[in-house]
There are 2 protein chains.
Amino acid sequence: MAGKTPARHVAILAGGSGTRFWPLARASRPKQLLPLDGSDPRPLLAAVYDRVAPLCDDGGPWVVASRSLGPAVRRLLPARARKRLVLEPVPRNTAGAVALAAHAVRCEAGEAPTVVVPSAHHVAPAAAWRKALATMAARAAASGRIVTLGLAPTFPATGFGWLEAGRVLARTGSGDVREVRRYVEKPRLAVARRFARSGRHLWNLGTFAFLPGVFLDAFARRFPVGAKALTPVLSTRSWRGRLAKAYPRVPATSVDYAVMEREPGLEVLATESFVWDDLGSLDAVARHAGADARGNALREGDVAVDARRCLATSDDGTPVALLGVEDLLVVRTKDATLVARRGRGEDVRKVVEALRAAGREDLLR
Amino acid sequence: MAGKTPARHVAILAGGSGTRFWPLARASRPKQLLPLDGSDPRPLLAAVYDRVAPLCDDGGPWVVASRSLGPAVRRLLPARARKRLVLEPVPRNTAGAVALAAHAVRCEAGEAPTVVVPSAHHVAPAAAWRKALATMAARAAASGRIVTLGLAPTFPATGFGWLEAGRVLARTGSGDVREVRRYVEKPRLAVARRFARSGRHLWNLGTFAFLPGVFLDAFARRFPVGAKALTPVLSTRSWRGRLAKAYPRVPATSVDYAVMEREPGLEVLATESFVWDDLGSLDAVARHAGADARGNALREGDVAVDARRCLATSDDGTPVALLGVEDLLVVRTKDATLVARRGRGEDVRKVVEALRAAGREDLLR
């Protein structure tokens, strides 16, 4: 991995509806706009923006978000972010978003290596993570492949997707670059246990590096319906004006499903140089919330009597009192209260579905 | 129990600080001012006032409450209640309150049989309960004794005080009048189980009937410190003007402890003609809240996903969503949220103590 590294770009995917973080998160205020990482008081998007900025030129990182969130995102980020803000007319999951990011970089900087990162995660130390991203960018430029990021597992996680790695292609200061043998969906516990011991399986951090043309070629080959819908956009440097009409026609699907899992020749940087967690549900938030000796993550003013392993939070500053309870997630906002069993964070969306079925859209907006 | 029944009076004890019902109840809005009986939408005091009114003359029941609650009580009750409202300058538990009630009745009606009832309970059918109270009043007039109310146990309750009954003194349409052998504090479960089977033990409903002079003689004999403090009040028909100075000197203690447990010759009406529950904690409220098939007592708009045996309530109309939780008491008010394990309702006062220790009197007022 020696030699001159081409100018890097970083794109942050800041879509996401936040249904797993109701009632804190709403359609108008999804998780990436909330301070959900207990180790950092800033909203997640602001934190990741600053965290990747040292990798970028003076223009800073790119941010892909829903148009409806434009004003909120602009308020959150420094002024320079406006020029590299890509607003999706409607949410279409990550496949279209990554294509937009690749095209935006290509139009501004040509075939500059580009790293795509999610916006809701906990990572430490940030410097080791940045070093891995820089390594991925350099490798993507050198190999002309899409390079993913895989973390050596520290426990049999059933909440993450996994990658099976193959032959070692190169050795770097952040870990080995290896072939990707296959993508694995979130596994059952027995399978995850096997993976955690295998030495071949890695957590898939949903992070990619590529040269824009390399990704867009794969996008066209593996996701022709999406590519066709986006042709008016991807074929011009004046693409922003064409988004409103073309983008809604892109099927809503993830870049993993539409492109990565179908593309041979992927590479993975297999690293163990940092700790990482997907802040995908309140359970993950609870893991990083800074618990006391009884495992409770409370704020000043909260009261715990015989309570253990509980997370409590409110966005209106009112106290939460816990009495004789264990393993709960308690979230209060000005218009709703959620009390969930720890470990059931993923199912908060069932609560959202129930509210929608009951006609309570007012509590979801 | 044949013969003419003298004109009856009923006094409702509506003191109580409500610390076991925080955050719903506050010093300024104790439980008796809240609608805590799921079978009746009215505040408890309004419900019990109407429930005993058929026993009374046109002046209606007497109500003994804290002076600080005077305005709230007046708003709650019909206009006629004002003349029979006795306001304690400071809360002094029930010993002084019952003496005040007895003296107030004596000043207005002479030695009229008087029934003293608590203000926070669930009872059904009300007519059977009223019949028992009328029977107690008639018996108190006939025997010249203090007559308490004992309910045949239907389960080994550890949350109630009990009475051990002796010889049958009279038979009535509401049950036998029997000697009281002894008072028993809230027992441990093993003891309660024995009591529930014995046939001699009754739940002590904290309800008394007496002729005013009979009670006040017992008060003077068994609680001389209190009687001395109240002498300026109890020795005049213009007693209201003397309360402010004398009443604070009465030791704060219960009428059971100060008088009843020490007084020989008590009688008990042993009945099984109604179901009754002390609404002394959120656990009792949950028992009468009208649960659905999964045991959840929720309001319209609340959401339960895989939740069982939970009570949820708020005083601001916002919904509570429960996910994967069991046996919880969830209470939300505009300035606080409580999440407690069912069965720990008595310990809500520990939460209140913790808030007081943390200087959060603002959440208790």
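**Chains A and B: values set against definitions**

Chain B and chain A bury about 2,700 Å² between them, with 61% of that on carbon and sulfur atoms. The model is predicted: local features need pLDDT of at least 70, side-chain atom pairs count only at pLDDT 80 or more, and totals for chains, interfaces and linings use all residues. Residues are numbered from 1 along each chain as its sequence is written, chains are lettered from A and ligands numbered from 1 in the order in which they are written, and side-chain values use heavy atoms, with hydrogens and water left out.

Q: How do you know through which surface the copies meet?
A: Of the interface residues of chain B, 100% are also interface residues in chain A, so the copies meet through the same surface.

Q: What relation superposes chain B on chain A?
A: A rotation of 180° with 0.1 Å of shift along its axis does so, at an RMSD of 0.1 Å. That is the relation of a two-fold axis.

Q: Why is the pair B:Asp306 and A:Arg344 called a salt bridge?
A: The term requires a side-chain nitrogen of Lys or Arg within 4 Å of a carboxyl oxygen of Asp or Glu. The closest N and O atoms of B:Asp306 and A:Arg344 are 2.5 Å apart, so the pair meets the rule. Across the interface of chain B and chain A the rule finds two salt bridges. A:Arg344 also forms a salt bridge with A:Asp347, at 2.8 Å between the closest N and O atoms.

Q: Which parts of the chain does the salt bridge of B:Glu267 and B:Arg139 link?
A: The side chains of B:Glu267 and B:Arg139 meet at 2.7 Å, N to O. The pair links distant parts of the chain, with B:Glu267 in strand E10 (residues 267-271) and B:Arg139 in helix H4 (residues 126-143) of chain B, 128 residues apart. Helices (H or I, at least four residues) and strands (E, at least two) are DSSP runs, numbered from the N terminus. Both B:Glu267 and B:Arg139 are buried, that is, under 20% relative accessible area, where exposed is over 50% and partly exposed in between (1.4 Å probe, protein chains only).

Q: What makes A:Phe219 and A:Phe223 an aromatic pair, and of which kind?
A: Rings of Phe, Tyr and Trp (its six-membered ring) pair if their centres lie within 6.5 Å; planes under 30 degrees apart count as stacked, over 60 as edge-to-face and the rest as tilted. A:Phe219 and A:Phe223 are 5.5 Å centre to centre with 80° between the planes, an edge-to-face pair. Both A:Phe219 and A:Phe223 are buried.

Terms used: Least-squares fit on C-alpha atoms with pLDDT ≥ 70 in both. Contact = heavy atoms within 4.5 Å. Buried area = accessible area lost by both parts, 1.4 Å probe.
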